[in-house]
Amino acid sequence: MKRKITLKGIALALLLSASFISNAQEQPRSFGKYPLEPNKYGIVRCASYENELILQQNNPKRATEVQFEAWMQEKLKELREKRKQKSGNTIMTIPVVVHVVYNTSVQNISDEQVQSQIDVLNEDYRMMAGTPGFDDSGLGVDTQIEFCLAKVDMEGNATDGIDRLFTTTTQFTTRQSVEDFKSFTIWDPTQYFNIWTVNWGGELSNLLGYSQFPSESGLQGLADYGGDDFTDGVVISYKNFGSANKVDSNVFQWPYQYGRTATHEIGHALGLRHIWGDDDNCQGNDYCADTPVANAATQGCPLGQDSCPQVGLDMIQNYMDYSNDECMHIFTQNQLDRMLVVLQNSPRRASLLTSTVCGVASTPDLQLLQGTKVYPNPAQNVLNIKVENGDLPDNYAIYNSIGQTVANVKVTTEANLTVDTSAYSNGIYFIKIDKGNESKTIKFIKN
Ligand SMILES: [Zn+2]
């Protein structure tokens, strides 16, 4: 049985790589203005680096690499100081919504396939024993980061955390088309980590995925990142989402069929760079001293490869390399430290850890705020909060799209339920309404 699968796998692999190579010659790939180079399988592993360059050009307030890394080094120092005083660790849970974007039934991947991806993320980030995410080399760490599918949607209703979105778009062929789609369909990025599965085509053919790198916080003059908030999250090909180890499906694309694309892309979203530093010839820097310098992205599984004169074999098992899914199983301590800094400080990251959308506790009591609405939406000068039975909420807070609080009101009379929005700048806002131990977040637009 095993042998049969292996032979079938190899035959399929040869067939696929042959067809990708011929495809690669026909179709030049690019991401915005940046050319994308397919690997020997005809696949483009990741476009997060190119995406960050475009975000920086579109938004002059976004931190440059130098600014981000200066901030990161400062925060890492603080983190390591604090760690000396504190013992014990806490599990950090990131609530996820998976937007399954489909035009055909094959792209409308099953609940099981989605769940298998969440399972892989937990195995990899927790370095779980007995799973492919376990590392016995002594180089890998348990990040203590976990992922859960959301149980409550933005209106406070029960959800399975899978948002199925039919689209007439048969293929996403440009970065801009994906960015636009993301901004229309994103769930509150301060409360949910957003993942979209899509079908690529055209200049994005055979791309596995891309991510949005985090912003820093607390630097003078860099507080406003307007425009980047509604595209936050990661986008992944439906063929590379989930694990062929766990789900019997023929959508999976060899050799990236074990869910490591999401592990890699979320690594970027939490502040990690490619281990070769996106610069060839042993010149790149990923700002992690415990990932040896590497010459370039790895293809395949060349264990024992040593591409640079500096000390250390290439860490091809690292999730932030481009190796095949089957050979990845390491996040290092330095990588974890960067992720902790981002999770504790970065906009739309820090708030995920206090989000209650995965909490079972908040679901059964939702009756208290059931039926609570805001109108008109879009709002111009006034936004009204409508409650059932005249039962006033305790308070509400309004956040702009980058998570800054623009209002925080303790509700004592009905008059408090009319919000003067005339001074708000146009854009998307979230209002979080609290009563007892419940809360409900509703998105609204000011124009
Ligand atoms: Zn990448």
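I shall speak about the metal site, then the disulfides, and then the cavities. Please keep in mind that this is a predicted model.

Let me begin with the zinc ion. Which atoms coordinate the zinc ion? The donors are SG of Cys46 together with the NE2 atoms of His264, His268 and His274, at 2.0 to 2.2 Å. The angles among these four donor atoms run from 96 to 119°, and the site is tetrahedral. For reference, the ideal angle for four tetrahedral donors is 109.5 degrees. Along the sequence, the donor residues follow the spacing C-x217-H-x3-H-x5-H. Within this set, His264 belongs to helix H6, residues 260–269, whereas His274 sits in the loop between H6 and helix H7 (333–345); the two are 10 residues apart.

I turn now to the disulfides. How many disulfides does a search of the whole structure find? It finds three. Counting the bonded cysteines along the chain, their pattern is 1-6, 2-4, 3-5.

One of them connects Cys148 with Cys358, at an S to S distance of 2.0 Å. The link of Cys148 and Cys358 is right-handed, with 110° about the S-S bond. This pair joins distant parts of the chain: Cys148 is in strand E4 (residues 145–149) and Cys358 is in the loop between H7 and strand E9 (373–375), 210 residues apart. Cys148 has 15% relative accessibility and so counts as buried; Cys358, with a relative accessible area of 13%, is buried as well.

Another disulfide connects Cys282 with Cys308, with an S to S distance of 2.0 Å. Its angle about the S-S bond is -95°, and the link of Cys282 and Cys308 is left-handed. Both Cys282 and Cys308 lie in the loop between H6 and H7, so the pair ties together parts that are 26 residues apart in sequence. Cys282 and Cys308 are both buried.

There is also a disulfide between Cys301 and Cys327, with an S to S distance of 2.1 Å. The link of Cys301 and Cys327 is left-handed, with -85° about the S-S bond. Cys301 and Cys327 are each in the loop between H6 and H7, 26 residues apart. What of their accessibility? Cys301 counts as partly exposed because its relative accessibility is 33%, whereas Cys327, at 10%, counts as buried.

Finally, I come to the cavities. The structure contains three cavities of 30 Å³ or more, and the largest cavity has a volume of about 80 Å³. Which residues line the largest cavity? They are Glu52, Gln56, Arg62, Ala63, Thr64, Glu65, Phe68, Phe213, Pro214, Ser215 and Arg273. Helix H2 (48–58) and helix H3 (65–85) each contribute at least two residues to this lining. Sorted by class, the lining of the largest cavity comprises four nonpolar, three polar and four charged residues.

That concludes my presentation. Thank you for your attention.

Technical notes. Residues are numbered from 1 along each chain as its sequence is written. This is a predicted model: local features need pLDDT of at least 70, side-chain atom pairs count only at pLDDT 80 or more; totals for chains, interfaces and linings use all residues. Side-chain values use heavy atoms; hydrogens and water are left out. On a 1 Å grid over the protein atoms alone, a cavity is a set of points where a 1.4 Å probe fits but cannot get out, and a pocket is an open set with protein on both sides within 12 Å along at least five of seven lines; lining residues have an atom within 4 Å of a point. Grid points are joined across faces, edges and corners, and a volume is the space filled by probe spheres set on the points. Helices (H or I, at least four residues) and strands (E, at least two) are DSSP runs, numbered from the N terminus. Ala, Val, Leu, Ile, Met, Phe, Trp, Tyr, Cys and Pro count as nonpolar, Asp, Glu, Lys and Arg as charged, and the others, Gly among them, as polar. Donors are N, O and S atoms within 2.8 Å of the metal (3.2 Å for Na, K and Ca); water is not among the atoms, so sites may look incomplete. Four donors count as tetrahedral if all angles lie between 85 and 135 degrees; four count as square planar and six as octahedral if opposite donors are over 155 degrees apart and all others between 65 and 115; anything else is irregular. A disulfide is a pair of cysteine sulfur atoms within 2.5 Å. Buried means under 20% relative accessible area, exposed over 50%, partly exposed in between (1.4 Å probe, protein chains only).
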